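Keep the structure open beside you and try each task before you read its solution.

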Amino acid sequence: MTSNFSVARVALVAVAATCVALVIAALLVVALRPSAPLHEESTPEGVVQRYLLAYEAGDLAAVRDYTVDGESRQLCNPESLGSGQLDIQLVRSTASGSRASVHARIEGGDSTILPLLDGSSYEDVFELRMAQDRWLIERMPWQVGLCTEKELGY
C-alpha cells in the first residue's frame with residue numbers, strides 16, 4: 001500500500017520534469033531559429049545588414065565605410081560596438097529615387113535568455129541615400145550609430 005506522501009512526490013517530480021522539458025524546448029527553439037537571409041549588398045536592406053554585422057563584429061572601419069561621411073563620425077555609444085549579437089530584425093523598406101528607409105525592430109534587454117518575458121521592443125529607421133553609385137547610411141538608431149560632433153554636443 002502506498003501512502004499519499006509518495007503519490008504527491010511522484011506528481012511533484014512529474015510536474016518538475018515537465019517544466020524542465022518545456023524550458024529546454026523553448027531554449028532550443030530560440031537558439032536554432034534560422035537567421036534572416038542576406039540581401040544583396042547593392043540594396044538598402046543589404047547595406048543595413050552588412051553595417052549591423054560589422055557593428056556586431058566590432059569592425060569600426062567597415063561600419064564607417066557604410067555611412068555617409070563615416071570617417072568624420074564617432075561612436076554614439078562606444079560600449080555597444082562589438083558587444084555581441086544584436087537583436088534587430090529588418091521589418092520593411094521603401095526606396096524613392098536616391099533615398100531609402102529601412103525600418104527595423106530593435107529588441108531591448110537580453111531576449112536570448114528570457115525571450116518570452118522580455119517585451120521591450122520598438123521600431124526605428126535607417127535612412128540611406130545613394131552616393132558614389134552605392135547606398136550609404138545617413139541616419140541610424142543611436143544604439144548602433146555613428147554620430148557627428150554636432151550630434152554628440154561638441
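**Exercise 1: Aromatic pairs**

There are two aromatic pairs in this predicted model, where rings of Phe, Tyr and Trp (its six-membered ring) pair if their centres lie within 6.5 Å. Residues are numbered from 1 along each chain as its sequence is written, and side-chain values use heavy atoms, without hydrogens and water. Local features need pLDDT of at least 70 and side-chain atom pairs count only at pLDDT 80 or more, while totals for chains, interfaces and linings use all residues.

Task: Classify the pair Tyr51 and Phe126 as stacked, tilted or edge-to-face.

Solution: 
- Step 1. Recall that a ring pair is described by the distance of the centres and the angle of the planes.
- Step 2. Planes under 30 degrees apart count as stacked, over 60 as edge-to-face and the rest as tilted.
- Step 3. The ring centres of Tyr51 and Phe126 are 6.3 Å apart and the planes stand at 70°, so this pair is edge-to-face.
- Step 4. Now place the rings: Tyr51 sits in helix H2 and Phe126 in strand S4, 75 residues apart, so the pair links distant parts of the chain. Helices (H or I, at least four residues) and strands (E, at least two) are DSSP runs, numbered from the N terminus.
- Step 5. Tyr51 and Phe126 also share one aromatic cluster with Tyr55.

**Exercise 2: A residue in the helix**

Task: Is Ala54 buried or exposed?

Solution: 
- Step 1. Locate Ala54 in helix H2 (residues 44-57).
- Step 2. Buried means under 20% relative accessible area, exposed over 50%, and partly exposed in between (1.4 Å probe, protein chains only).
- Step 3. Ala54 has 8% relative accessibility, so Ala54 counts as buried.
- Step 4. Leaving out residues up to four places away in sequence, Ala54 touches Asp59, Ala62 and Val63, where contact means heavy atoms within 4.5 Å.
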